[in-house]
Each structure stands twice: as C-alpha cells, then as structure tokens.
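Subject: Structure handover

Hello,

Here is the structure I said I would pass on. My notes on it follow below.

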Amino acid sequence: MFKRRTPKSWALWALHLLWPQGGWGRAFDYVKHRVRRLPDDPRRIARGIFAGVFTTFTPFYGFHFFIAAFGAKVMRGNMLAALMATFFGNPLTYLPIGVISLKTGHFLLGTEFEPHMNIGRRFAGAWRDLKDNFFAMFTDDVAQWDRLSGFYDEVFFPYMIGGLIPGVITATVIYYISAPLIAAYQNRRKGRIKAKLEEIRARKAAKKAEDKSAQ
C-alpha cells in the first residue's frame, strides 16, 4: 500500500542523490525547519549542529553520520541535530570543502598541493588496492600497497589535518548564528501556542456564560 506507483530506477535514484526533488534549496529549508522544531535547549541543538558541520570537513566519507553522532554525544549536543547538520556536506559543497582542506593540510605539512590532482582516481586506486589485497589473502597473489600509500600521503592525511581548522571555524560561526535564531524561533512558537490556548479558554468561558444566560 505504501509502495511507489512507479518504481524509481537506479538512474533516477542516483540523480536525486545529486539533485533532490525540488532542488537543494527545498532540501535545506526542510532540514532547517526540522532543526528549529526540535524539542531541546537551543544551545544543545547548536552544539549538535557544530558536530555535524565539523564532520563534513573530515575525509571519512560514508561514516559522517556515526562521527557526527559520536561528536554530539561527547559535546552533549542534540544527536538528531548533528545528523541533520551533516547535510552541510553535499555534492554542491564537497568540492570547495575538499580543495580548502587539502590546500590547508599541504600547507601545514609543508608539502605541495597539486591543483590538477585527480582525487577521484586516487580514491578509486586506494579502494582497488584494498579489494585486491583482501582477495590476495586467499590466493597466491602478492599484496600491493603503492596506490593506497600514495592516496594516504597525498590525499587522506593532508585532508584530515587540513580539515580541522576550516572545520572548526565554519562550525563555530554556524553555532553562534544558529543558537540565538533557534532560541528566538522557540520563544515565538511558544508565544503562538500560548495565545492559541488562551483563545480556546476564552471561547470555552464565553460558551459557558452563554449557556448559563440561556438557562
């Protein structure tokens, strides 16, 4: 009963992963709306957002949810806010995040950043080494670590080191922006709810008075 009338193809699924239905603007609005309505202290929510945003500056792709949840737990932040804040990293932002992190990391390590480095090919080569070396444990093949070693030295380690500074700066700025905004939204929402309750009570009182006068 809850299945799609027209099954989503793999191509459409991949397209929506890169560009959601309604666009990334609508997706961000939805996440923002959900974060603001979380029933928690604004500072805890903001700490969760800090953890989620900072996580997107790490090279641990595929594990951002777990790292964000762990970071929120350590910081005593809202875990759901941390998970939703990982959407700060998306196909529109991963490229600038990666370039900034790599440049910063190579600068701190005193190495040279290659602007024409094919990061995708380095990732693919590292995974190929891992796959081939896994099967080599069960065969007579000799394990080769050249591509994985090059990936670690040129991409992963500089990315991990270089993502710390821009990650902390970006997450801190968003923390100090989000905390007062969430607090203001919650206070305004509480005011609207209180006004509605008072209106309901006033209607009930008026109805009771009307019923008594009718008797």
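Tyr-175 has a relative accessible area of 18%, and since buried means under 20%, Tyr-175 counts as buried. Please keep in mind throughout that this is a predicted model.

Tyr-175 sits in helix α9, which covers residues 164-214. Apart from neighbours within four places in sequence, Tyr-175 contacts Arg-43, Ala-46, Arg-47 and Phe-50. For Arg-43, the separation from Tyr-175 is 132 residues along the sequence, while the C-alpha to C-alpha distance is 8.5 Å.

One of those partners, Arg-47, leads on to another part of the chain. Arg-47 belongs to helix α3, residues 42-55. Its relative accessibility is 25%, so Arg-47 is classed as partly exposed. With neighbours within four places in sequence set aside, the contacts of Arg-47 are Met-75, Arg-76, Gly-77 and Tyr-175. Lys-73 lies 26 residues from Arg-47 along the chain, and the two C-alpha atoms are 9.7 Å apart.

Arg-76 deserves a check of its backbone. Its phi is positive, at about 60 degrees, although Arg-76 is not a glycine. For background, most residues other than glycine have a negative phi. Arg-76 is placed in the loop between α4 (64-75) and α5 (79-85). At 63% relative accessibility, Arg-76 is over the 50% cut-off and therefore counts as exposed.

Next, a helix pair. Helix α6 (residues 94-109) packs against helix α8 (residues 146-162), with 7 Å between the axes and an angle of about 90 degrees. The range for roughly perpendicular is 65 to 115 degrees, so α6 and α8 fall in that class. On the α6 side, the contact involves Ile-97, Gly-98, Ser-101, Leu-102, Thr-104, Gly-105, His-106, Leu-108 and Leu-109. These meet Glu-154, Val-155, Phe-157, Pro-158, Tyr-159, Ile-161 and Gly-162 of α8. Sorted by class, the contact between α6 and α8 has 9 nonpolar, 6 polar and 1 charged residues.

Which residues form a cluster with Phe-157? They are Phe-60, Phe-151, Tyr-152 and Phe-156, which together with Phe-157 make one aromatic cluster. Across the whole structure, the search finds 8 aromatic pairs. In the pair of Tyr-152 and Phe-157, the ring centres are 5.7 Å apart and the planes are at 25 degrees, so the pair is stacked. The cut-off behind that label is an angle under 30 degrees.

Finally, the chain as a whole. There are 9 helices and 0 strands, and the pattern along the sequence reads α-α-α-α-α-α-α-α-α. The chain has 215 residues, of which 30% are buried. Among contacts with a separation of 6 or more, 72% are between residues 24 or more positions apart. The accessible surface comes to about 15,200 Å², and carbon and sulfur atoms account for 65% of that surface.

Regards

Technical notes: Residues are numbered from 1 along each chain as its sequence is written. This is a predicted model: local features need pLDDT of at least 70, side-chain atom pairs count only at pLDDT 80 or more; totals for chains, interfaces and linings use all residues. Side-chain values use heavy atoms; hydrogens and water are left out. Axes are lines fitted to C-alpha atoms, for helices over the stretch in contact, and angles run from 0 to 180 degrees between N-to-C directions. Helices (H or I, at least four residues) and strands (E, at least two) are DSSP runs, numbered from the N terminus. Angles under 35 degrees count as roughly parallel, over 145 as roughly antiparallel, 65 to 115 as roughly perpendicular and the rest as oblique. Contact means heavy atoms within 4.5 Å. Ala, Val, Leu, Ile, Met, Phe, Trp, Tyr, Cys and Pro count as nonpolar, Asp, Glu, Lys and Arg as charged, and the others, Gly among them, as polar. Rings of Phe, Tyr and Trp (its six-membered ring) pair if their centres lie within 6.5 Å; planes under 30 degrees apart count as stacked, over 60 as edge-to-face and the rest as tilted. Buried means under 20% relative accessible area, exposed over 50%, partly exposed in between (1.4 Å probe, protein chains only). Accessible areas come from the Shrake-Rupley method with a 1.4 Å probe; for residues, only the protein chains shown count as cover.
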